[in-house]
Amino acid sequence: MAELDGRPVSAAQLQVLALTNYGHFTTMLVEGGRVRGLGLHLERLERDCAALFGVVPDRERVREFARRAVPGAGAVAVRVTLFDPAIDLGSIGGRAEPRVLVTARPVGSGTPGPIRVRTVRFERELPEVKSVALFGALRQRRLAQQAGFDDALFVDRDGGVTEGGTWNVGFLRGGEPLWPRGAYLAGTAMALLRGACGGAQERVGPELAGVEAVFATNAAVGVRPVAAVDGRAFDTAGVARLREAYLAVPGEPL
């Protein structure tokens, strides 16, 4: 389904989003009408909307529109995108009235399998905002897959590992979580897992010295192991307890 402010979205309205590509979003996993970190998702929408449009959306209105996409049972990934279909490339500097686009897709059952990634020098533009402009990150994913990997792991100009294209990265060192330091898009799943398991924050180089395991987090899949980085294999069994800790975080009613 796809609705704009609770009504079917037209092709012309979506065309503005496709051609102008200015807006922001959050994706949440809804299970039985509940969302882990719902408050964090709503805070993200408010923060990013203020940064891009200078206004703050109404929380209850966003929740009302999002609930329309949720079935009575099962799991669904709901994406909430805020953009203004009235602005275009020429009028981008005008007063904006962002509207709420809600789309939904079914989520498969089962535990997500491990991924193999390669490191690449890349920095996201305005990394603190979850913007719809994903070209750079998706290009790196495409290049990585063409080279035989599942995805790319980004390294910034100072040589620190920061994040994946659509996920955050964490490490296990001495059995304890370790989080990267740098400029990256901090996700809701990462925040919830840090709250549940703690862990220090350090700059970690691509050689991953002292790291025993690597894992990826995002709201759609939770926690999944990274089996190899640049061909170097890592333990995946130790990530299971982190996934269990994340799944134990209670959801909030949407």
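Predicted model: local features only at pLDDT ≥ 70, side-chain atom pairs only at ≥ 80, totals over all residues.
H4 covers residues 135-146, and its 12 residues should span 16 Å at 1.5 Å a residue; the end C-alpha atoms sit 16 Å apart, which agrees. Ala137, Gln140 and Ala144 of H4 are buried. They cover an arc of only 60 degrees around the axis, so they lie on the same side of H4. As for what the buried residues of H4 pack against, it is strand E7 (115-121) and strand E8 (151-155). After H4 comes Gly148, with a positive phi near 100 degrees.

E7 and E8 run parallel and are joined by 5 bridges, with Thr119 opposite Leu153 in E8. Put together, E7, H4 and E8 form a right-handed β-α-β unit.

E8 itself is largely enclosed by the rest of the structure, because 5 of its 5 residues are buried. Asp151, Leu153 and Val155 point one way from the strand, while Ala152 and Phe154 point the other way. This is the pattern of a regular strand, where side chains alternate between the two faces of the sheet.

E8 also pairs with strand E9 (residues 161-164), this time in the antiparallel sense, over 2 bridges. Here Leu153 turns up again, standing opposite Gly164 in E9. The hairpin of E8 and E9 has 5 residues between the strands, and Gly159 in this hairpin takes a positive phi near 85 degrees.

Technical notes. Residues numbered from 1 in each chain as written. Heavy atoms only, no water. Helix = DSSP H or I, 4+ residues; strand = E, 2+ residues; numbered from the N terminus. Expected span 1.5 Å × (residues − 1). Buried < 20%, exposed > 50% of the residue type's maximum accessible area, 1.4 Å probe, protein only. Arc of directions from axis to C-beta. Contact = heavy atoms within 4.5 Å. Pairing = 2+ DSSP bridges. Right-handed = clockwise from strand over helix to strand, strands pointing away.
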